[in-house]
Amino acid sequence: MEISDGAVRILAGLLEARTGQQLAIGRRWRIDTALRPLIAKHDIPTLDDLVHRIVSGRNAALADEAIEALLNHETFFYRDLNAFRLLDEQGLERMRAARAGTRRLRIWSAGCSTGQEAYTIAMMIAERPDRWRGWTIDILGTDLSPTAIERAKEGRYSQFEIQRGLPVAQMLRRFDQDGGYWQASPLLRQAVRFRVHNLLTPPPVGLFDVVLCRNVLLYFSPDVRTLVFSRIASAMQADAVLMLGAGETAMGQTDAFVSDFEARGLYRKRIDASSVAVLR
């Protein structure tokens with residue numbers, strides 16, 4: 001379905017203002033795919049008509065629905081398996097040694113979409129019961145999409161979703177089949193909590209030992225990326241670990257983080273990161 005350049009600019013501006021994400025030229029094809037169900041739902045003739053109704057301001061909920069539809073919720077279990085092995089064997093192991101006195105660990109999965117990443121972390125920990133026995137581990141998954149967060153809380157995935165990256169043995173051990181769907185077991189769901197959060201706003205209360213922010217930053221402009229890095233840094237303990245997506249880096253993007261010299265592929269806060277962290 002055709003859409004005018006002006007309407008594209010309006011949608012792109014709205015998406016960036018609300019979420020910080022840019023609608024790059026290479027993602028323009030998503031507009032038709034993402035918004036076609038929305039115009040059918042509201043019986044709107046064209047995409048330009050949809051944008052006109054949004055701009056009129058008479059239906060705020062319609063703008064929210066359009067933004068929700070344009071967001072990329074792509075995710076799957078154990079996405080980039082080698083990265084999770086690195087996190088498990090080096091990042092989490094270092095935190096285990098550093099927090100041996102308190103036996104408490106806080107982990108934040110930022111931009112968690114429909115929850116697969118947060119549940120992956122919970123399963124990694126559950127697979128090593130001797131390693132984490134006696135520990136209190138708080139895993140928080142956040143995303144700016146209320147719809148995605150509701151799905152994450154439910155922990156219910158289609159056959160296609162459950163098979164993406166999840167070993168069969170873990171699928172059978174950690175999920176219960178419900179018709180054509182698979183739902184995270186009560187124990188797995190209890191191990192993770194979810195809430196709506198926008199990375200452009202101050203971070204969740206408290207300091208985290210491990211933060212994952214993967215395949216989110218690449219959609220931001222350099223200025224917004226710098227802001228988000230600062231937000232994340234302000235939510236981390238001084239010796240905490242940051243894990244980014246395979247195609248992302250903190251190098252040249254921020255003064256808040258440096259490459260982890262012990263575990264290449266992970267990041268640590270710069271010693272003076274407090275000087276660049278935003279105020280809460």
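In which helix is E68 found? Select E68 and you will see that this residue belongs to helix 4, which spans residues 60-70; helices here are DSSP runs of H or I with at least four residues, strands are runs of E with at least two, and both are numbered from the N terminus. Residues are counted from 1 along each chain as its sequence is written. The model is predicted, so local features need pLDDT of at least 70 and side-chain atom pairs count only at pLDDT 80 or more, while totals for chains, interfaces and linings use all residues, and side-chain values rest on heavy atoms, with hydrogens and water left out.

Leaving aside residues up to four places away in sequence, E68 touches H73, S145, P146, T147 and A148, where contact means heavy atoms within 4.5 Å.

Then select strand 7 (residues 208-213) and strand 8 (residues 236-244), which run parallel and are joined by 5 bridges; C213 stands opposite L244 in strand 8.

Finally, colour by pLDDT, the predictor's confidence in each residue from 0 to 100: the protein averages 91, but residues 273-280 stay under 50. Where pLDDT is low, the predicted coordinates should not be read in detail.

Conventions:
Pairing = 2+ DSSP bridges.
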